[in-house]
Amino acid sequence: MHAIKVSDTDSNVYCWGSNSDGQLGNYNIGAVTRWNSPLLVVVHSGSNPPLGQAQSVSAGTLHTCAVTGDAPTNAACWGQEKIGRLGDGSPSNINDPIDSPVGVLAPGTSDNLGLSADDVITSGTFNSCALLPEDAPANNSIACWGDNSSGQLGNSYMLGSYTSTPAPVVFSDGSKLVNLVKVAAGDTFACALLRTDGSIACWGTNYLGRLGNGRFTDAYSDAPVAVAESGITFVGFTDLSVGADHACALGGSDTVLCWGANQFGQLGTGSVDTDAHSAPVNSNVDGTLFADDFDGD
């Protein structure tokens, strides 16, 4: 229920909308429950400087995250800390709002989680994911933190629970999902676009077909599965966007394919229904994906 933007002029971060849990990042929890114009995000330190050098940002439902600094960049989050969604290593059962950015920590250390040169971070309803650097030829991998009730962290670690420590997204054999262009989180699921062949892998809940793997019977997957139909993996995608309960991808000849829920017509097929669309369908539109990743609205 809030929005976020990086300023083009000074690379500072501004938020507006609901501030029920400090997700605007400017001290005013309780005193200001909503804000109808951009509010500067500041750090609780000394003269309360702005959170500067922002590269990318993402808003969840009650929390917000940003990529900041020069390479190697770091991740910071603020807002509701419950179920580990800030990734700062705090006990995950803490139900405290944090109204100033805190660093996302690398697993098992007090160091900030260093991100890849792609500067990609994405926030879902109760979790976040980011691209991490890997040695060539892997290029990068993904770490996620927060709620893992439906496998949306892409890892069996704390499955059915939650963690405030970032964990890698891995296949069922324990190998990391690598060589990625983009990662995008929705409501209890996430997807990533692979650099190698333009295929897409998703993980988390499969309610209404959100994983796009052509299977109706799987309730969830805590490991990445390929977007596919009848066992044939779709390849050649160039962009990806994830909503709360559906996803769309840009394919060859600028064709947009979508999967998941369609109760509001979000698949763009010209119809509205409550069926599960577990494999990509043609949205009957050509062009560029303009929608941002799920922002908690």
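Trainee: What makes Thr122 count as buried?
Mentor: Its relative accessibility is 0%. Buried means under 20% relative accessible area, exposed means over 50%, and partly exposed is in between (1.4 Å probe, protein chains only). Thr122 is at 0%, so it counts as buried.

Trainee: What kind of model is this, and how are residues numbered?
Mentor: This is a predicted model, in which local features need pLDDT of at least 70, side-chain atom pairs count only at pLDDT 80 or more, and totals for chains, interfaces and linings use all residues. Residues are numbered from 1 along each chain as its sequence is written, and side-chain values use heavy atoms, with hydrogens and water left out.

Trainee: In which strand is Thr122 found?
Mentor: In strand 8. Strands are DSSP runs of E with at least two residues, and helices are runs of H or I with at least four; both are numbered from the N terminus.

Trainee: What lies 2.9 Å from a polar atom of the Thr122 side chain?
Mentor: The backbone nitrogen of Ala185. A polar contact is a pair of N or O atoms within 3.5 Å; within protein, one must be able to donate a hydrogen and the other to accept it, and residues adjacent in sequence count only if both atoms are side-chain atoms.

Trainee: Which backbone oxygen does the side chain of Ser164 reach?
Mentor: That of Ser90, at 2.5 Å. Ser164 has its place in strand 11.

Trainee: Is Ser164 buried or exposed?
Mentor: Buried, because its relative accessible area is 5%.

Trainee: How do you know that strand 8 and strand 9 pair?
Mentor: Count the bridges. Two strands pair if DSSP finds at least two bridges between them. Strand 8 and strand 9 are joined by 3 bridges, and they run antiparallel. Thr122 stands opposite Cys129 in strand 9. Ile121 has Ala130 as its bridge partner in strand 9. Strand 8 and strand 9 form a hairpin, with 3 residues between them.

Trainee: What makes strand 9 largely enclosed?
Mentor: 6 of its 7 residues are buried, so strand 9 is largely enclosed by the rest of the structure.

Trainee: Why is the contact of Lys176 and Glu134 called a salt bridge?
Mentor: A salt bridge is a side-chain nitrogen of Lys or Arg within 4 Å of a carboxyl oxygen of Asp or Glu. The N to O distance for Lys176 and Glu134 is 2.9 Å. The pair links distant parts of the chain, 42 residues apart. Lys176 counts as partly exposed, at 39% relative accessibility. Glu134 counts as partly exposed too, at 26%.

Trainee: How many salt bridges does this rule give?
Mentor: The count comes to 2. Lys182 and Asp239 also meet in a salt bridge, at 3.2 Å from N to O. Lys182 lies in strand 12 and Asp239 in strand 18 (residues 239-242), so the pair ties together parts that are 57 residues apart in sequence. Asp239 is partly exposed, at 21% relative accessibility.

Trainee: Which residues have the most contacts inside the largest nonpolar core?
Mentor: Among them are Ile142, Cys144 and Trp203, in a core of 16 residues. A nonpolar core is a set of buried Ala, Val, Leu, Ile, Met, Phe, Trp, Tyr and Cys residues joined through side-chain atoms within 4.5 Å. A second, separate core of 15 residues includes Cys191 and Leu211.
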